[in-house]
Amino acid sequence: MREPLKPSFNKEWVKTKTEKEFVDTFKDVYPEVDLSKSYKEIVGKPETEKK
Amino acid sequence: MINQFTCAAFGANTGTDECSFDPGKILGFFLVGPSFAISEADTASDETLLAKLQLATLETLKANRLFPVHGLLDVADNSAEAAQQTFGYGAVVNTNNGTYNWSFPFIKGGICLLKALQQFNGADIRPIFYDDNNTLIGWKSGAFLKGIPLIQFFAPKWNIATGAAVTGKNVTFSFDPKYINQQLGFYKFADDVSMDSVEGLRNIKLYQSGVQAKPVYKVKASAGCSNVDLHTQYSSVLAAAGLWVAKNKATGALITVTSVAVDANISGWTVTLDSADADYPAVGTIELSLTTPTLLKAAGVVGYESLILNIVNV
């Protein structure tokens, strides 16, 4: 069984993008990856949503 | 001052110690550039100097890099004897000290190593030899041990194997004797230090494979002359955006690598570039490579340098 794909993203570049831009960029490249989750892992939640 | 000349120094004391330095058989050498120098501080311990030599093999700029060659099997000493002049009354005097000309055969590394050495022909490359007593032998220039300036470095064409001899591969050094006589510099390592631990880099060749859809590129990597597939050993290590470098060939400007992922289907990697980057050529050539040998080593990919893959966007 193949391991789930875990792309390495350029974090500095990702932080300059909105989640939609990020997802749109990679949805065809990594269709099997939960890109929204990847985005949140890199960018994190806005300060107001933390706690 | 007018009409003043300087007499040659009147020799040196000739008392001897209980032991002395006698160069042994040359087993290998480190090729370095003119600026490479070993200082007194570098010789604080064997470990310090060995670390310096090992780090120098990873230098990004080849002009600053150290290129080790091990496994010399013999030496053909074709050095020119001191030239002499005979006077009419019978006196014979030396007119010069001749030159060293040493030729070393090797087998390990084969034609691959020979081709690499041939690329130094004509370059201002300098050797620091090491012998079978674990002693570095070079040129003492001021307070530094440096590579020996050469009249010529030459890696000649290989000679065909015969019934009595394997394929002949040699490397030849020609230089002025003063550099390892009056100006000899040496450093003795402990006997248990292995010079082989100073290893040369191997090339990583990148090549495209599978469907290419710019700015997403499918790339494979192999290493060394035997083209060992690197995916087997480093698939996940090299799936790191920070280890890849992309440049616009026309301008030399960096292009942002946005993502890298393993592609098991091609036993390679998917490398995605930022097509919105002002330096990304929609039409033109991209130079793709892995990062520097030092950063590759830090990531666990030890002893490699990436060659550049030209990707042509049409």
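The legends below describe a predicted model.

**View 1. The largest pocket of the predicted model and its lining.** About 1600 Å³ of space lies in this pocket. Its lining is made up of 43 residues, and those nearest the centre are Leu113(B), Ala116(B), Gly200(B), Leu201(B) and Arg202(B). In chain B, β3 (67-69), α2 (110-118) and β14 (202-208) are the elements that give two or more residues to this lining. The largest share, 5 residues, comes from α2(B). By residue class, the lining of the largest pocket holds 20 nonpolar, 12 polar and 11 charged residues.

**View 2. The second largest pocket, with residues of chains A and B closest to its centre.** The space in the second largest pocket is about 630 Å³. It is lined by 22 residues, of which Leu5(A), Lys6(A), Val262(B), Asp263(B) and Ala264(B) are the closest to the centre. Both β15 (216-223) and β19 (257-263) of chain B supply at least two residues of the lining. This lining divides into 10 nonpolar, 5 polar and 7 charged residues.

**View 3. An open sheet of 4 strands in chain B.** The strands follow the order β18-β17-β21-β23, and their pairing is antiparallel. β18 (254-255) and β23 (309-313) of chain B stand at the edges with a single partner strand each, so one side of each has no neighbour in the sheet.

**View 4. The pairing of β17 and β21 in chain B.** Strand β17 (residues 244-248) runs antiparallel to strand β21 (residues 284-290), and 5 bridges join them. Asn248(B) stands opposite Ile286(B), a residue in β21(B).

Note on methods:
Residues numbered from 1 in each chain as written. Chains lettered and ligands numbered in written order. Predicted model: local features only at pLDDT ≥ 70, side-chain atom pairs only at ≥ 80, totals over all residues. Heavy atoms only, no water. 1 Å grid on protein atoms, 1.4 Å probe; cavity = no way out; pocket = protein on both sides within 12 Å on 5 of 7 lines; lining within 4 Å. Points joined across faces, edges and corners; volume = space filled by probe spheres on them. Nonpolar A, V, L, I, M, F, W, Y, C, P; charged D, E, K, R; others polar. Pairing = 2+ DSSP bridges.
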